[in-house]
Amino acid sequence: MLQLGYNLLTEKQIIADMEQTGHACIVGGTGSGKSVATMYLLYQLLKNYNAKITICDFKKSGDYEGISDDFAEFSDVTECIETYYEDYQNTPENNPQIKLLLIDEYAGYIIWATQNDKKKSEKVKQVISEVLMCGRSRNCFIWIVLQRISASLFPAGIGAIDNFQICMGLGRLSVESRKSLFAGEHLDNASFEERYHPKTGQGLVLIDGQELQPIQIPYIADKTRLKQLLQRMAKEKAAGEGKPR
């Protein structure tokens, strides 16, 4: 299981089954805590699952260096996505290993790709949509991280955005992001929702099969130490599988 954080109302853990609800969309503005939240989810993934992780860090944040050998920044992101897609195509049904593609600053990447090569950017959108719609049976999943989400980031008319099974919005969301993520869903506690102003590391999460919940990501004071822990966990997993790094 994947622990996402804690419910601010019940103080209970918020849990998702990665193999059933593995596609995730994490949205939040600057200072909302989405990068720490993403790294915490990677920690949970490495801790609880046999996972192969591909990371595309378009904005060169430095947060993910050394966590995976399958790693790309800025202009190399397109090739990295294509490589992941080839692996996805060769992955059989009921594959026992989770294969995750993480794209940080997905919106910025799509805008850049469209400006530089519109045809290729549309192909990338199609690739992302195909994995979103068909990847679960192969244990192939996508996590995207971005400041705002819009249907324009995906091919028109096929509803790819509806295939995200974990939708997390941190901090203060734009009207469009709130609508895209939660589609009219509201907390059971209306009075709490009315006065709820999420701080850093707080927000809302909607998981397939569960109600909308107010989430608190565990407080992590030192992101660098978390990164080092992820690097060590990834190295240990690779060594256990007999893979050179």
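## Cysteines

The whole structure holds zero disulfides, a disulfide being a pair of cysteine sulfur atoms within 2.5 Å. This is a predicted model, where local features need pLDDT of at least 70, side-chain atom pairs count only at pLDDT 80 or more, and totals for chains, interfaces and linings use all residues. Residues are numbered from 1 along each chain as its sequence is written, and side-chain values use heavy atoms, with hydrogens and water left out.

Cys25 counts as buried, at 1% relative accessibility (buried means under 20% relative accessible area, with a 1.4 Å probe and protein chains only). For Cys56, the closest cysteine sulfur is in Cys80, 3.7 Å away, which is also too far for a bond. Cys56 is buried, with a relative accessible area of 0%.

## Fold and packing

The protein chain has seven helices and ten strands. These are DSSP runs: helices are H or I of at least four residues, strands E of at least two. The radius of gyration, taken over C-alpha atoms, is 17 Å; the globule rule gives 18 Å for 245 residues, so the chain is as compact as a globular protein of that length. That rule is 2.2 Å times the number of residues to the power 0.38. The C-alpha trace spans about 50 × 40 × 35 Å along its principal axes.

Buried residues make up 52% of the 245. Of the contacts (heavy atoms within 4.5 Å) with a separation of 6 or more, 73% join residues 24 or more positions apart.

How values were computed
Buried means under 20% relative accessible area, exposed over 50%, partly exposed in between (1.4 Å probe, protein chains only).
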